[in-house]
Amino acid sequence: MGIALSPLWISLKTAGLATIATFFTGIAAAYWMLGYRGRWKSVIEGVFVSPLILPPTVVGFLLLLLFGRNGPMGQLMAQFDFTVVFTWYAAVITATIVAFPLMYKTALGAFEQVDSSLLQVAQTLGASRGIIFWRVLLPLSVPGILAGTILSFARALGEFGATLMLAGNIPGQTQTIPMAIYFAVEAGAMSEAWLWVLVIMTISLSGIIAVNLWQKQYQRRIQNTGLGMVEAHEPVGGRGKRAEAPQIVPIADVSPSQLEQGLLVDIQKQLANFTLDTAFTAHQETLGLLGGSGSGKSMTLRCIAGVETPTAGRIVLNGQTLFDAEQRINVPSHQRKISLVFQNYALFPHMTVAQNIAFGLQSLPKPMRSQQVNQQLALLQLEGLGDRYPHQLSGGQQQRVALARALATEPEALLLDEPFSALDTYLRAKVERQLVETLSTYSGVTLFVTHNLEEAYRVCEKLMVMSGGKPIAFDSKHRVFEHPRTVRVAQLTGCKNFSRAVAAESNTIEAIDWGVSLRVVEAIPRELSDVGIRAHQINLMPQPDASLENLFPCWLASTSETPHRMTLFLKLNAEPQGSHDYHVQAEVFKEKWQSIKDHPFPWYGQFDPLRLIVLI
């Protein structure tokens with residue numbers, strides 16, 4: 001009976017050892033290839049997967065050349081009076097070689113499915129590559145790795161051609177189940193062949209079914225933290241583009257003493273669509289980076305945090321050089337004492353709220369770590385949520401957990417990348433108030449990226465406006481909004497009405513596109529190119545008022561409605577010829593609209609000289 005069952009024991013032994021070997025080598029190779037960007041990547045990838053696409057007999061032939069009597073490994077082992085050819089060791093080697101590609105490809109696919117922002121945020125929380133691998137990447141890849149392990153075991157269990165060439169068919173020594181099936185059929189023993197077929201199918205299919213069932217349970221327990229998955233509310237508690245001169249950002253001459261406190265950034269990075277070229281300083285304040293999509297705001301934060309590397313320039317924080325291209329200084333992200341809150345929050349889905357907050361505190365003793373976590377839970381009003389997982393939280397709660405985790409490490413700089421973009425209007429207002437309150441007690445530098453100008457105005461003290469990878473304005477929020485110097489800055493800060501302009505007299509300009517003369521209070525620059533006025537600052541009235549300056553008759557071309565306001569598209573000094581024939585748009589509250597909408601035309605629009613924006 002023992003001899004009859006020997007193919008089963010030999011197969012289980014060889015497949016088990018081969019699976020253990022492929023588990024470690026496959027994961028190691030996949031992790032290495034995940035970060036490898038060298039020119040030989042395609043060649044290495046081809047070598048790794050070749051046993052999967054080559055005929056097994058070819059693999060066996062190549063292994064025989066390697067381990068045979070005249071092969072390099074065979075000659076080396078002969079010096080120790082040892083050989084693997086026609087031994088059960090050979091069966092393990094062949095099973096390992098042919099099963100390796102399945103483990104490698106599955107593990108690599110599992111690693112690539114992990115959101116890269118999770119790995120990057122772990123870096124900014126002070127975690128080394130080893131810690132990130134063991135605590136973030138590997139746990140989140142468990143389903144894929146387990147599937148790869150079972151597939152590798154099934155492949156090793158069913159290996160035949162390469163094993164036959166290198167290990168032979170020695171009953172009781174190298175005869176595996178596939179060998180037994182083949183030679184039973186050759187001898188006409190169909191009953192014996194059927195028995196081994198049923199055995200190998202039962203073992204392989206049982207493993208695959210067990211993994212599928214486990215994966216379903218795992219997915220129910222640990223869900224993706226995609227913000228679109230959670231919608232619950234928290235409980236109540238037009239002109240063509242023209243080239244324009246950019247506004248110079250004040251940074252050029254900064255003394256070493258001024259770098260002892262605060263952040264200095266002066267970097268360039270070549271990207272696919274544009275070159276990021278930004279320079280600014282920030283101190284103990286909240287600096288907003290305002291701009292449209294693709295203007296370089298988020299990339300600036302990523303370079304400061306160290307998850308991206310600039311092409312040139314330098315970054316200095318509180319006197320410490322974090323990056324200097326000329327001196328070849330590039331402090332790793334986990335050593336920069338900078339926390340980055342990602343747009344999708346990047347909470348670790350396999351960790352509870354408390355574990356997320358404690359992730360960057362592993363160097364502290366457990367009592368201190370627990371105390372710090374509880375302090376952050378209280379500070380961000382998250383008491384009672386420490387044992388929940390991210391998928392069990394609302395969007396606002398996830399945002400506050402991400403902020404608590406970032407602040408727990410006591411960073412010297414806090415970088416917030418559009419932290420409210422995934423929240424609905426109600427949660428956005430609620431969480432925004434919480435953030436402003438929290439930042440009021442934070443002693444470091446805060447950079448706040450947004451494309452929402454009203455949000456930037458409420459949260460930030462200073463603003464840097466970016467366009468095309470470059471800063472085009474840098475000042476207090478009041479001056480940036482009230483005195484933008486260029487059309488682009490005015491557009492990004494919400495101004496919708498522009499006209500080409502030329503100087504007429506000392507305090508008068510001609511608005512060419514509007515066909516009117518305007519008196520202005522602001523000094524007229526020699527480089528004057530345009531005049532603008534914000535839509536909500538046009539004063540509308542049904543009757544003329546002789547005491548007002550810059551008052552012009554106007555007719556309504558069309559309207560656009562929002563819940564609280566009406567946008568009125570107006571033509572000055574003449575009736576419009578259609579809905580698209582207008583000069584300016586004015587925004588009024590609906591109460592104002594109700595008071596004027598029934599009055600006959602013309603209405604009268606006043607362009608307050610104090611509200612006109614003179615642009616270069």
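1. S191 is found in helix α11, residues 190-221. Helices here are DSSP runs of H or I with at least four residues, numbered from the N terminus. The model is predicted: local features need pLDDT of at least 70, side-chain atom pairs count only at pLDDT 80 or more, and totals for chains, interfaces and linings use all residues. Residues are numbered from 1 along each chain as its sequence is written, and side-chain values use heavy atoms, with hydrogens and water left out.

2. Is S191 buried or exposed? S191 is exposed, at a relative accessible area of 64%. Exposed means over 50% relative accessible area (1.4 Å probe, protein chains only). From S191 to S152 the C-alpha to C-alpha distance is 28 Å, at a sequence separation of 39 residues.

3. Helix α1 (residues 6-35) packs with helix α5 (residues 88-113) at about 40 degrees, the axes being 6 Å apart. That angle makes α1 oblique to α5. Axes are lines fitted to C-alpha atoms over the stretch in contact, and angles run from 0 to 180 degrees between N-to-C directions.

4. The α1 and α5 crossing is right-handed, meaning that the near helix is turned clockwise from the far one by less than a right angle.

5. Helix α7 (residues 129-140) and helix α8 (residues 142-157) pack at about 60 degrees, with axes 5 Å apart. In α7, L138, P139 and L140 meet V142, P143 and I145 of α8. Contact means heavy atoms within 4.5 Å.

How values were computed: Helices (H or I, at least four residues) and strands (E, at least two) are DSSP runs, numbered from the N terminus. Angles under 35 degrees count as roughly parallel, over 145 as roughly antiparallel, 65 to 115 as roughly perpendicular and the rest as oblique. Buried means under 20% relative accessible area, exposed over 50%, partly exposed in between (1.4 Å probe, protein chains only).
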